[in-house]
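Student: Could you walk me through reading the features of a protein model? I would like the general idea each time, and then the case at hand.

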Amino acid sequence: MDINQQKEQFSISYIRAIAAVAGYSLYRPEVDNDSVDLGIVSRGGTGKILSPRLELQLKCTSRGILDENYIKYPLNLKNYNDLKINTFKLLVVFG
């Protein structure tokens, strides 16, 4: 396994552990056309939104991403535009 595959597996495993402790289910799209690596879903709920979903794009890097006042991470334009689609989507960067 090369380093990029290792980072991808680390990111997925970390999110799986957090979701399991919180009691949420995960799904993984078969094709990553919209820059979605994992989705988190909560079954049921009340109010107007039932079974809400949160889509995640995962990135893992060994470079320094923390600056004095912000986090900086270079992102491809396609991935950036995919994040702006009208869904509940987050970019999660592991550094």
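Student: Which residues does leucine 56 touch, not counting residues up to four places away in sequence?

Tutor: Start with the term: contact means heavy atoms within 4.5 Å. Leaving out residues up to four places away in sequence, leucine 56 touches Ile15, Ser35, Val36, Asp37, Leu38, Ile40, Leu90 and Val92. Do keep in mind that this is a predicted model, where local features need pLDDT of at least 70 and side-chain atom pairs count only at pLDDT 80 or more, while totals for chains, interfaces and linings use all residues. Residues are numbered from 1 along each chain as its sequence is written, and side-chain values use heavy atoms, with hydrogens and water left out.

Student: Which residues make up the largest nonpolar core?

Tutor: In soluble globular proteins, nonpolar side chains tend to be buried together. A nonpolar core here is a set of buried Ala, Val, Leu, Ile, Met, Phe, Trp, Tyr and Cys residues joined through side-chain atoms within 4.5 Å. Buried means under 20% relative accessible area, exposed over 50%, and partly exposed in between, with a 1.4 Å probe and protein chains only. The largest such core has 8 residues: Ile12, Ile15, Leu38, Ile40, Leu56, Leu58, Cys60 and Phe94. At least two residues of this core come from each of helix H1 (3-22), strand S2 (38-41) and strand S3 (53-60). S3 gives the largest share, 3 residues.

Student: Where is asparagine 79, and is it buried or exposed?

Tutor: Asparagine 79 is in helix H2 (residues 77-83). Asparagine 79 is buried, at a relative accessible area of 10%. Beyond its neighbours within four places in sequence, asparagine 79 is in contact with Ser35, Gln57 and Lys59.

Student: How many aromatic pairs are there?

Tutor: Rings of Phe, Tyr and Trp (its six-membered ring) pair if their centres lie within 6.5 Å; planes under 30 degrees apart count as stacked, over 60 as edge-to-face and the rest as tilted. By this rule the count is 3. Phenylalanine 10 and tyrosine 14 make a tilted pair, 6.0 Å centre to centre with 35° between the planes. Both lie in helix H1, 4 residues apart, about one turn of the helix.

Student: Why is the pair of phenylalanine 10 and phenylalanine 94 called edge-to-face?

Tutor: The ring centres of phenylalanine 10 and phenylalanine 94 are 5.9 Å apart and the planes are at 80°, so the pair is edge-to-face. Phenylalanine 10 lies in helix H1 and phenylalanine 94 in strand S4, so this pair ties together parts that are 84 residues apart in sequence. Phenylalanine 10 is partly exposed, with a relative accessible area of 44%, whereas phenylalanine 94 counts as buried at 10% relative accessibility.
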